[in-house]
Amino acid sequence: MDFKLTEEQKSLKSEFETFFKEEMRHAPAEYGSGGMEGMYATDQGNAFHREVAGKLGQKGWLSRAWPKEYGGQDAPMVEQMIFNEAKDYFRAPGVDIFGLGMFAPTLLIGANEEQKQRLLAPIARGEVMYCQGWSEPNAGSDLAGLKTTAIKDGDHYVVNGQKVWTTGAHRADCMFLLARTDPSQKRNGGLSVFHLNMDLPGIEVRPIHYMDGSHLYNEVFFNDVRIPEIDRIGPENEG
């Protein structure tokens, strides 16, 4: 098996590298050495992250490996790997590891057609940033022990509870949330996945500060937050 890049792949690699090299010339000092601190800790770093994301979205690079009907190019996965390598070499921002890296694949597999059409396009364009509503004070790595509830009320779910260590919640437009829709079930039973906007009434984001006053992580509190039923991803209780 020949693991060498084809001439076309080499050209694509060069195009990616040229783009990121030029963009990083304009990185603000506050972006520092990049990573999550660079993207989330300061206003300037976050603005740079979003600016680069928009440019990547315009080029169609964020979703190259997606199906064409959802804004992708049906590109082979090796092209995604080449892109990732170039971005990481230059420690560049612009890729939302939560929305693009985690939630979009979930939507492609488990969402209905209306949800795919509505939610995937803004992610592909780099217009929306996500955070991950998973960990809780008494259920971090033990995710099946979470206690945040989402109780059905008509065509909405009413969410109450708390998440913690939520990276970038203070910068995010949206969250993908795991909550307990059937409290009578134990462990991984009775859990459901939701998409929600971070500006919904009843959501409070509190920072968890570093010693220098900056922060990446947050506590997120839900007080009777109403999520439309159309924003539940996949079957109820099968999250």
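Is Gln-80 buried or exposed? Hi everyone, let's start there, and keep in mind that this is a predicted model. Gln-80 sits in helix 4, which covers residues 77-89. Its relative accessible area is 18%, and the cut-off for buried is under 20%, so Gln-80 counts as buried.

Now let's zoom out to the whole chain. We have six helices and eight strands, and the order along the sequence is α-α-α-α-α-α-β-β-β-β-β-β-β-β. Of the 239 residues, 46% count as buried. The C-alpha trace spans about 60 × 45 × 30 Å along its principal axes. Looking at contacts between residues at least 6 apart in sequence, 68% join residues at least 24 apart.

Finally, a helix pair for you to look at on screen. Helix 5, residues 99-110, and helix 6, residues 113-124, have axes that come within 10 Å and cross at roughly 160 degrees. Helix 5 and helix 6 are therefore roughly antiparallel, and their crossing is left-handed. On the helix 5 side, the residues that meet helix 6 include Phe-103 and Leu-107, while the helix 6 side includes Lys-116 and Leu-119. By class, that contact has eight nonpolar, one polar and one charged residues.

Definitions and conventions: Residues are numbered from 1 along each chain as its sequence is written. This is a predicted model: local features need pLDDT of at least 70, side-chain atom pairs count only at pLDDT 80 or more; totals for chains, interfaces and linings use all residues. Side-chain values use heavy atoms; hydrogens and water are left out. Axes are lines fitted to C-alpha atoms, for helices over the stretch in contact, and angles run from 0 to 180 degrees between N-to-C directions. Helices (H or I, at least four residues) and strands (E, at least two) are DSSP runs, numbered from the N terminus. Angles under 35 degrees count as roughly parallel, over 145 as roughly antiparallel, 65 to 115 as roughly perpendicular and the rest as oblique. A crossing is left-handed if the near helix is turned anticlockwise from the far one by less than a right angle, and right-handed if clockwise. Contact means heavy atoms within 4.5 Å. Ala, Val, Leu, Ile, Met, Phe, Trp, Tyr, Cys and Pro count as nonpolar, Asp, Glu, Lys and Arg as charged, and the others, Gly among them, as polar. Buried means under 20% relative accessible area, exposed over 50%, partly exposed in between (1.4 Å probe, protein chains only).
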